[in-house]
Amino acid sequence: MIDVLVIGGGNAALCAALMAREAGASVLLLEAAPREWRGGNSGHTRNLRCMHDAPQDVLMDAYPEEEFWQDLLKVTGGQTNEHLARLVIRASSTCRDWMRQHGVRFQPPLSGTLSLSRTNAFFMGGGKALVNAYYRSAEKLGVQIRYESPVDRLDIQDGHFKAAYVGGERIEARTCVLAAGGFESNREWLREAWGQNADGEWPADNFLIRGTRFNQGTLIRHMTEQGADMIGDPTQSHCVAIDARAPLYDGGIVTRIDCVSLGVVVNKKAQRFYDEGEDFWPKRYAIWGRLVAQQPGQMAYSIIDAKAVGRFMPPVFPGVKADSLPELARKLGLDEAAFMQTLNGYNAACRVGTFDHTALDDCHTEGITPAKTHWARPIDTAPFYGYALKPGITFTYLGLKVNEQAAVHFGGRPSDNLFVAGEMMAGNVLGKGYTAGVGMSIGTAFGRIAGTQAAKAALTPALSQREREQEGEVA
Amino acid sequence: MTTLLALTRDARALANGETVLSAPETEVARQLQICNACRYCEGFCAVFPAMTRRLEFGKADIHYLANLCHNCGACLHACQYAPPHEFAVNVPESMARVRLQTYADYAWPPALGQLYQRNGLTLSLAVAGALALFLMLTLWLKDNLFRVPLEINFYTIFPHNLLVGLFAPVFLYAVLALGLGVRRFWREVTPGTGAPGAAVGEAVHDVLRLKYLDGGHGEGCNNADDGWTLWRRRFHHATFYGFLLCFAATSVATLYHYLAGWVAPYDLPSLPKLLGAVGGLSLLVGTAGLFWLNLHRHPQHGDAAQKPMDRGFIALLFFTSLSGLALWWARGTAVMPALLAAHLGVVMALFLTLPYGKFAHGIFRSAAMLKWAIEKRLPSKLKLGDE
């Protein structure tokens, strides 16, 4: 019998598999995706948020535990478990040597990410390079890997893991780590969670999924039915406004639209609906998904003029281009009169001081609602560009409750041999909100904990004894 | 119909003085638009930092970036948008296609750019022709390929002046043709005006060390899979420096001949022999290694249609070295004249195809790297917001 069964194939699963194997356990990893799509959402990531008290290779200055914790507290609005959060934060300061041992390489911050140069260590080549490195290391260490092996249910007796089922196949193991991602790719579930709005629309039908199509949440649902203790709200998810032309799945980072704060955003009725210049874009991009989701048809349009070109990260698809604002309205399919009323009103309300998009400058509007509080300049220089926006879901927060051993809980009691890591439990630390790279910090910390604990439980004589007896009984 | 539409569009664009992108160039532009919004690969090589200094990719930019690409494979394996993703990003492949096109476009004289298109055939014809030439020359000069007196040396078969008369013009032509080609390439993308000494120094250093086959982390590039290997770099070094040593051996021998009046053959431990022996062995090992790696190359790396050109060039270098070393061994035996004719034939084929084959990659890539070394020292024109 296998010692440790790891269900999932992304960062957390691989960290668990590697740690368990290093501890001497035999490990089988089941990845739902085929090889070319392996790694789940980890393939779309690019960095790890790291605590450090002094400059370290690619990390500048210091990012002490307390500052990391305060950042997390702020973005989650308190929906976090301080004990587990601090565990993740401390682990993030020491895990990189281990990551390097398994082939992960780091690089200086990418261009256009200066704001993260102090807090985040970038993977050379991004998350897929990390995933590849971990798979290579796992294969070398003798971890058995099976692709296209989605687990649909578990055999759990009194909180004790017995076996997993891949279709009709029963796979037994002494211990198990669940690291199979969230449910964001499950469109029916999203539909159900978001429900119907006042206009009778099903908003989630218009959502795009920024990551893998394989995070169907099968085991989250199954564990709920098995009576596992859950955490998080199914309607909560990391939701960003992305290019409406993005693919349904796996659009990843390139589909973001970074010019919101440089122009105005209107909905299908050509009305503005939120302060585009409220704060720096990296601090605001994550609220715009939800804002767009609340608009009719779950669509919005980011409008800029020639002055903005070259001042934001280039978008993946070219914008709709026009030589005049009325032409832009027509090309975007917006009511021309309403659009011009909004734009003329905005342009007239702009009080331009000294424009500086690297600071919270003094360019603002007066006398319109909603106001634009920074970087407000009239949109008056041709050519004009428009980008259609839709909500893009990055990940969900609903998951399983854990303790510091990453154990799955049933009725408040930790399981002795079932553990969970990654998106399936990230909600313990990140109940809502997001800050760059923290998902990978959680996945790495809890993946390693879960792997260690699973190996320990599998190799502990008491448990092995129990397993052997039961195997004997069966035989 | 679509072809007709495309032709009409291109004709109109040409009439308006716009530059028309070829299909491979359009594909590079499409992919770089995606890469520029992602940038995860910035640490691997110079292509991506050079890309981030641009928002749009015109013909000249595409030619420049394509030649900066070393086809190391790192960005393909790391790419979240690589096939089967619908964005189908494969930078090494699309760049390789444009590279071949740039060699052909910039070839001098332009008509001979065609020779790149069916390069396997070009190489075969050059080898066959050159071999035939030297074998027939031998027969004509000596009446016999094998039964020649044993004490005979090379120059009693082919007089020194005849060899110089045959090889010098071909070599000088190759230098001229490549020089004119790369000059046009250089003028197309002109970052700044002069080349600061530091930029030249860096470019030379990066070319000679094959910096961009180190994966950005120093542990090598990809070959068969997503794992890293330093062997592509090592075998290329063995090939390149072996070639240089052989070239140095010939140059030293030429100086001996004309300046000192010392006539070949030279024996160990003379300088030409030493350089030639070490260089020849290095070239043999290097090309054998590169060939083996090429056979095991990941199928998605580069442009599969260019394998005949790559392998043909590797084979030509391999046989240049092998026949040269065999000649050393065969000196004083009956097979020497035939081997000599074979060696000279292979070397002639190599020289003839230098400006119309894989050799061009070294020239164009070095030029692109110098461009990058200059460009990176200039302030960026973009002010992409971060905070």
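The score called pLDDT is the predictor's confidence in each residue, from 0 to 100. The structure described here is a predicted model, and the predictor assigns the complex an ipTM of 0.93 and a pTM of 0.93. For chain B, pLDDT averages 89, and 91% of the residues score at least 70. Among the elements of chain B, the lowest mean pLDDT, 60, belongs to helix α1 (residues 2–15) of chain B, whereas helix α5 (residues 74–78) of chain B has the highest, 98. Where pLDDT is low, the predicted coordinates should not be read in detail.

The interface between the two chains was examined next. Contacts join 31 residues of chain B to 36 residues of chain A. On the side of chain B that touches chain A, the elements giving two or more residues are α2 (23–38) and α5 of chain B. Of the elements, α2(B) gives the most to this side, with five residues. By residue class, the side of chain B that touches chain A comprises 13 nonpolar, 11 polar and seven charged residues. Helix α5 of chain B, which is among the contributors to this side, is also the element of chain B with the highest mean pLDDT.

Chain A is divided into two domains: domain 1 covers 2–182 + 217–233 + 397–474, and domain 2 covers 239–392. The centres of domain 1 of chain A and domain 2 of chain A, taken over C-alpha atoms, are separated by 37 Å. Five residues from domain 1 of chain A and five residues from domain 2 of chain A take part in the contact between them. On the side of domain 1 of chain A that touches domain 2 of chain A, one residue is nonpolar, three are polar and one is charged.

Technical notes:
Residues numbered from 1 in each chain as written. Chains lettered and ligands numbered in written order. Predicted model: local features only at pLDDT ≥ 70, side-chain atom pairs only at ≥ 80, totals over all residues. Domains from an automatic or database assignment. Contact = placed C-beta atoms within 7 Å. Nonpolar A, V, L, I, M, F, W, Y, C, P; charged D, E, K, R; others polar. Helix = DSSP H or I, 4+ residues; strand = E, 2+ residues; numbered from the N terminus.
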